[in-house]
Amino acid sequence: MESEVPEGEGSIGKRATKTLYSLYLGYGLGALINIVTFIFMAKALGAEGYGLYVFAMGFLSLLGSMGNFGIGSYLASRLSAYSYKRDAASIFNSISSGFTVLITVALLLFAAGALLSGYLSSHVFSGIKVAALTLIIVSAMLPLAMIYSTATNALIGLSRGKDAGFVVISVDALQLMLIILLITNGLGVNGALIAIATGYAAGSAALLFLVLRQTRRYGHGSLKIPNRKSLTDVLEFSAPLGAKNALSSGIQNFGTIFLGIYLASSLGESAAKSALGNYGVALKSLAIISILYTTMGAVLLNVSSAVRTRGKEVGKSYNMAIKYSVMITIPLMVYIGVFARQIISLFLSSQYLSSVFYVQLMAAAVIVSVIGNYINDILVSAGFTRKLLYYYLFSAVIELISLLALVPYLGASGAIIALFMIGGLVNVAFSIRVSRKFIGLRLNYSQLLGAYASNATLALGLFAISMAISHTPLSAGFVYLITLATGAVVLLLLYPALLIATRAITRSELTGVIKMTDGTALAAPVKFIARYIDLLGGRNGR
């Protein structure tokens with residue numbers, strides 16, 4: 001049967017598949033370690049202590065959004081294109097220019113955060129009682145986090161996903177061990193922050209070494225002080241992206257700070273920290289699941305740069321990438337949303353029961369906005385960030401107005417609705433319009449709607465399971481465990497059948513995926529899924 005993979009894209013698709021598999025292996029194990037870390041911290045610090053940690057990390061992210069110039073996206077895009085050409089000189093030049101801009105901005109932000117820490121602690125953040133030392137530690141963590149993230153993207157651009165995944169696992173494990181050590185020795189939130197910063201420092205050193213080693217395989221060259229032309233190239237690509245990040249993620253991180261300050265003024269310090277801790281559980285659920293679609297986004301940058309470099313038609317490639325990304329991401333959010341109460345009750349404590357609704361809201365927000373996230377990755381890779389600033393500004397204004405209007409009435413729920421639900425819907429609308437205008441991308445709505453219909457049906461099935469098992473005469477903990485296990489099995493068995501029934505995926509498309517994964521570690525599971533789909537839909541089916 002003829003494959004529906006665009007002709008000429010086999011090697012690109014196989015390279016992307018290998019990169020994606022390596023990254024998911026690393027990031028998947030890393031996510032498991034992150035979950036263990038989160039559970040330990042939430043229990044050890046309690047809702048109030050974890051709320052203080054959430055506020056401190058919100059300050060870190062707010063600073064970072066101001067300096068997130070998209071250097072990682074720049075390097076992922078440029079290094080992917082240059083590595084296909086085996087252009088060692090351009091690779092070295094891109095790395096030199098990118099990291100020069102990154103480190104300069106990071107050090108300026110560190111200095112600003114450290115110098116303002118005393119004033120912020122005693123005046124702006126006095127209600128939530130954040131110590132100046134905590135803000136200084138967070139400010140020092142920022143350059144390390146920025147280098148770590150950017151070096152990871154650089155390694156992805158060089159198609160060394162396996163190396164990046166190994167470093168991610170190692171850093172997550174190191175941070176977990178240090179967090180346990182420092183918190184149990186009485187250092188509390190500051191100990192957790194120091195542990196995370198140490199992990200970033202070790203990871204940055206390892207990643208930079210691997211980037212340089214891989215770069216030298218393309219030919220001779222060296223890092224050097226970049227000239228004005230090289231720096232201009234970086235800024236032309238990344239400055240609009242930095243403005244976009246400041247408008248989008250900056251507003252979201254401001255939301256955490258604003259929520260904390262507002263809750264402290266209306267509820268008092270203790271209740272505010274507890275409420276912020278519950279809000280942080282929802283943010284953490286988003287952070288863990290975002291590992292999935294941000295990894296896909298990085299690979300989309302890699303693939304799209306390679307496709308454009310080879311001059312291939314990209315419409316069908318992008319549609320397939322977006323569809324498969326959506327098909328993988330949404331069922332996980334459905335599972336988390338339906339079983340939020342069981343997950344939180346089983347792994348956390350009664351202090352965090354308020355977070356159940358927050359997690360469900362967050363899951364719904366990701367489901368409605370994930371398409372916009374993937375399209376944005378494609379637009380960034382295509383170099384249209386500068387032309388998108390008007391849309392990003394409009395979206396940020398809507399989010400900010402919604403945030404200021406809803407938080408006084410709905411608290412943390414209002415922040416999630418404003419920043420992630422309303423903001424996500426606006427992002428989807430703008431992304432679809434802009435992608436059609438600038439790159440002629442026309443989404444395959446029938447198959448996307450089929451994927452969403454499959455997940456809606458899946459949600460009803462999982463909810464029915466939850467209700468049925470909840471009435472069994474067993475202990476609460478055992479009921480929660482049985483519900484989660486049964487739900488996972490049903491998801492794995494039912495979801496492929498629903499995709500076939502709604503025509504969200506066809507057998508010929510799966511043949512293309514088999515071709516791309518042939519010779520990789522994903523070949524066996526993909527062929528197994530194909531045989532399962534054959535049984536469900538028939539070889540001539542759909």
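These questions and answers walk through a predicted model.

Residues are numbered from 1 along each chain as its sequence is written. In this predicted model, local features need pLDDT of at least 70, side-chain atom pairs count only at pLDDT 80 or more, totals for chains, interfaces and linings use all residues, and side-chain values use heavy atoms, without hydrogens and water.

Student: In which helix is confidence highest?
Tutor: Confidence here is pLDDT, the predictor's score for each residue from 0 to 100. The protein averages 79, and 78% of the residues score at least 70. Helices are DSSP runs (H or I, at least four residues), numbered from the N terminus. The lowest mean, 61, belongs to helix H16 (residues 507–517), while the highest, 91, belongs to H6.

Student: At what angle do the axes of H3 and H6 cross?
Tutor: Two packed helices are described by the angle and the distance between their axes. Axes are lines fitted to C-alpha atoms, for helices over the stretch in contact, and angles run from 0 to 180 degrees between N-to-C directions. H3 (residues 88–124) and H6 (residues 188–216) have axes that come within 10 Å. H3 is roughly antiparallel to H6 (the term covers angles over 145 degrees), because the axes cross at roughly 155°.

Student: Is Asn-253 buried or exposed?
Tutor: Asn-253 lies in helix H7 (residues 228–267). Buried means under 20% relative accessible area, exposed over 50%, partly exposed in between (1.4 Å probe, protein chains only). At 16% relative accessibility, Asn-253 is therefore buried.

Student: Which residue's backbone oxygen lies 3.1 Å from a polar atom of the side chain of Asn-253?
Tutor: Beyond neighbours within four places in sequence, Asn-253 is in contact with Gly-58, Ser-61, Leu-62 and Ser-65. The backbone oxygen in question belongs to Ser-61.

Student: What is the phi of Lys-129?
Tutor: Lys-129 sits in the loop between H3 and helix H4 (132–157). Its relative accessible area is 52%, so Lys-129 is exposed. Lys-129 is not a glycine, yet its phi is positive, at about 55°.

Technical notes: Helices (H or I, at least four residues) and strands (E, at least two) are DSSP runs, numbered from the N terminus. A polar contact is a pair of N or O atoms within 3.5 Å; within protein, one must be able to donate a hydrogen and the other to accept it, and residues adjacent in sequence count only if both atoms are side-chain atoms. Contact means heavy atoms within 4.5 Å. Angles under 35 degrees count as roughly parallel, over 145 as roughly antiparallel, 65 to 115 as roughly perpendicular and the rest as oblique.
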